[in-house]
Amino acid sequence: MTYSANTPEEYILQLPEDRQAVISKLRNTIKENLPKGFEEAISYGMIGFVVPHTKYPAGYHCSPELPLPFLNIASQKNFVAVYHMGIYIKKELFDWFINEFPKYSKTKLDMGKSCIRFKKMDDIPYELLGELATKMTVDEWIQSYESVLKKN
């Protein structure tokens, strides 16, 4: 679903009431655990955590006027999603998450390349997502991002 918001607070206020608490808790979990240097923003119509142009002036290669995206959270029609670009690029991080997930959730992992979907709001493993947020610094993300770009 697409929301028109200029701030994370505006985004949350547009959500159905039952999703507001979930997205707020997810947002706070990420903010409390994300290494310093990432900035919160509205990115691609979602709550995002990005590398600001002050740190990475080149921006996102697809749209250089935008800051480099790293992690987004969104309330979609049938699920809540966490989009983590580090999982998409770093296989060892992907493998770690896949192995850890069953320790925190009774449901089957529903995941795409960088999208982790949660259909049951009571089954979101906030502690695990908080730990995931700690796993990559801004500098590590930039280095990983550039290493993949240079291969293409």
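User: What should I know about the model and its numbering before I start?

Analyst: The model is predicted: local features need pLDDT of at least 70, side-chain atom pairs count only at pLDDT 80 or more, and totals for chains, interfaces and linings use all residues. Residues are numbered from 1 along each chain as its sequence is written, and side-chain values use heavy atoms, with hydrogens and water left out.

User: How many helices and strands are there in the chain?

Analyst: Start with the definition. Helices (H or I, at least four residues) and strands (E, at least two) are DSSP runs, numbered from the N terminus. Here the chain holds six helices and six strands. Along the sequence the pattern reads α-α-β-β-β-β-α-α-β-β-α-α. The radius of gyration is 15 Å, close to the 15 Å from the globule rule for 152 residues, so the chain is as compact as a globular protein of that length. That radius is taken over C-alpha atoms, and the rule is 2.2 Å times the number of residues to the power 0.38. The C-alpha trace spans about 40 × 35 × 25 Å along its principal axes.

User: What share of the residues is buried?

Analyst: Buried means under 20% relative accessible area, exposed over 50%, and partly exposed in between (1.4 Å probe, protein chains only). In this chain, buried residues make up 47% of the 152.

User: How do I read contacts along the chain?

Analyst: Contact means heavy atoms within 4.5 Å. Take the contacts between residues at least 6 apart in sequence: 57% of them join residues at least 24 apart.

User: In what order do the strands of the sheet stand?

Analyst: Pairing comes before order. Two strands pair if DSSP finds at least two bridges between them. The open sheet has six strands in the order E1-E2-E3-E4-E6-E5, with antiparallel pairing. E1 and strand E5 (110-111) are the edges, each with a single partner strand, so one side of each has no neighbour in the sheet.

User: Which strands does E4 pair with, and by how many bridges?

Analyst: Look to both sides of E4. Strand E3 (residues 68-75) runs antiparallel to strand E4 (residues 80-84), and five bridges join them. E3 and E4 form a hairpin, with four residues between them. Ala74 stands opposite Ala81 in E4. Asn72 has Tyr83 of E4 as its bridge partner. Strand E6 (residues 115-118) is also antiparallel to E4, through four bridges. There, Val80 has Phe118 of E6 as its bridge partner.

User: Why is E4 described as largely enclosed?

Analyst: Count the buried residues. In E4 they are five of the five, so the strand is largely enclosed by the rest of the structure. Next, check the side-chain directions. Val80, Val82 and His84 point one way, Ala81 and Tyr83 the other way, and all are buried.

User: What stands out about the phi of Tyr44?

Analyst: Tyr44 has a positive phi of about 55°, although it is not a glycine. Tyr44 sits in the loop between strand E1 (39-43) and strand E2 (46-51). At 48% relative accessible area, Tyr44 is partly exposed.

User: Where is Pro52, and what does it touch?

Analyst: Pro52 is in the loop between E2 and E3. With a relative accessible area of 8%, Pro52 is buried. Leaving out residues up to four places away in sequence, Pro52 touches Gly37, Glu39 and Pro67. Pro52 and Leu66 are 14 residues apart in sequence and 8.6 Å apart in space, C-alpha to C-alpha.

User: Which helix holds Thr29, and what is Thr29 in contact with?

Analyst: Thr29 is part of helix H2 (residues 17-33). Its relative accessible area of 11% makes Thr29 buried. Setting aside neighbours within four places in sequence, Thr29 is in contact with Tyr126 and Gly130.
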